Amino acid sequence: MKVLCIESSCDETAAAVVRNGREVLSSVVASQVDIHALYGGVVPEIASRRHLDAIMPVIEQALEQAGMTLDDINGVAATRGPGLVGALLVGLCTAKALAWGRGVPLVGVHHIEGHILAPFLETELDFPYVALAVSGGHTHLYRVDGIGRYRLLGQTLDDAAGEAFDKVAKLLGLGYPGGAVIDRLAGQGNPEAVRFPRPMLKRDNLNFSFSGIKTAVMNHVKSLGDVVPEHHADIAASFQAAVVEVLTRKTVAAAEEERVDRIVVAGGVACNSGLRRAFATLAEARGIRVVFPSPALCGDNAAMLGVAADAYLRHGRHASLECNALPVWSLEEAGFQE
Ligand code: KG4
Ligand code: ZN
């Protein structure tokens, strides 16, 4: 079974061909980051227009790299939500047109479902596991009992962790998006230079809050008067240490509470080197296996949709051609309807 997968929920136009829900035959990602960087964040209208320009060339490239034509495809999958509605519609409507034109089934996949199943494209993994989906729009903890079987354990009550990285980078004048820049700078700074808060760590639940850390950074910067570039590395390292400590300790607590010994960390922030190191020490010391997708599968891409798409197509869970994009959509609702 070969599935053409299309992702356009935010500012990356992506297409991939995935065989049997495990083997990536091609994966093409066209990023719009340069244009949005001029505005300090994603401009929805620009994103939609850019997706329209990029979608067909990206799909053609994905088919070409896989050495295929549309005649070889057994199904078409697209991200149905959550995300920017105009952006989602470009990918979803293109997928509908291709599926209808070729007479093959359409499947709609949840964006976060794609992220947290991405490891199956690279490694053997058993259920159940706890998944931390950590990106620019999400900081959510799920128990995953199988493809389509997800239970929400906790989530951010305000900013997503990636959003906090981006806002702190903006505050320090480091551009957009800021996660990777902060990560690099943090490597040159002292993580103990400033003690930023670790919100919700002592709370008896698995929710997160990151807006307080961001405000603490803002207050610290104000208290310094002029932030000279020499301060940047220490601030970045101290901020990253606070976010990483909260993410790792809460995720490990979730795994222990759920009595599972596997954790998947996925989404753009899963590229963070401090986060990867901290999980290795904290979880693995407790006998918990931690799986991070490789960086190309952490950020937004279409190949990650292939795992769920394959399972849903095999079970006949097709989407109708009348289905709409869902800018807000809970993962629990997106799975197999039991
Ligand atoms: O999953 P993703 O590509 O898009 C969304 O679905 O949001 O995640 C993008 C987010 C951005 O906030 C970006 O700053 C963050 O991931 N990010 C990082 C790193 N690389 C990307 N955050 C921390 N450290 C990184 N190395
Ligand atoms: Zn994402």
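E163 is partly exposed at a relative accessible area of 26%, a class lying between buried (under 20%) and exposed (over 50%), computed with a 1.4 Å probe on protein chains only. In this predicted model, local features need pLDDT of at least 70 and side-chain atom pairs count only at pLDDT 80 or more, while totals for chains, interfaces and linings use all residues. Residues are numbered from 1 along each chain as its sequence is written, ligands are numbered from 1 in the order in which they are written, and side-chain values use heavy atoms, without hydrogens and water.

E163 pairs with K167 in a salt bridge with an N to O separation of 3.2 Å, the term denoting a side-chain nitrogen of Lys or Arg within 4 Å of a carboxyl oxygen of Asp or Glu. Both residues belong to helix α5 (residues 161–171), four residues apart; helices are DSSP runs of H or I with at least four residues, numbered from the N terminus. The count of salt bridges is 14. Among them, R49 and E45 meet at 3.0 Å. R143, buried at 15%, forms a salt bridge with D145, and a network of salt bridges links R143, D145, R151 and E258.

H111 lies in helix α4 and D300 in the loop between α10 and α11, so the pair ties together parts 189 residues apart in sequence.

Notes: Helices (H or I, at least four residues) and strands (E, at least two) are DSSP runs, numbered from the N terminus.
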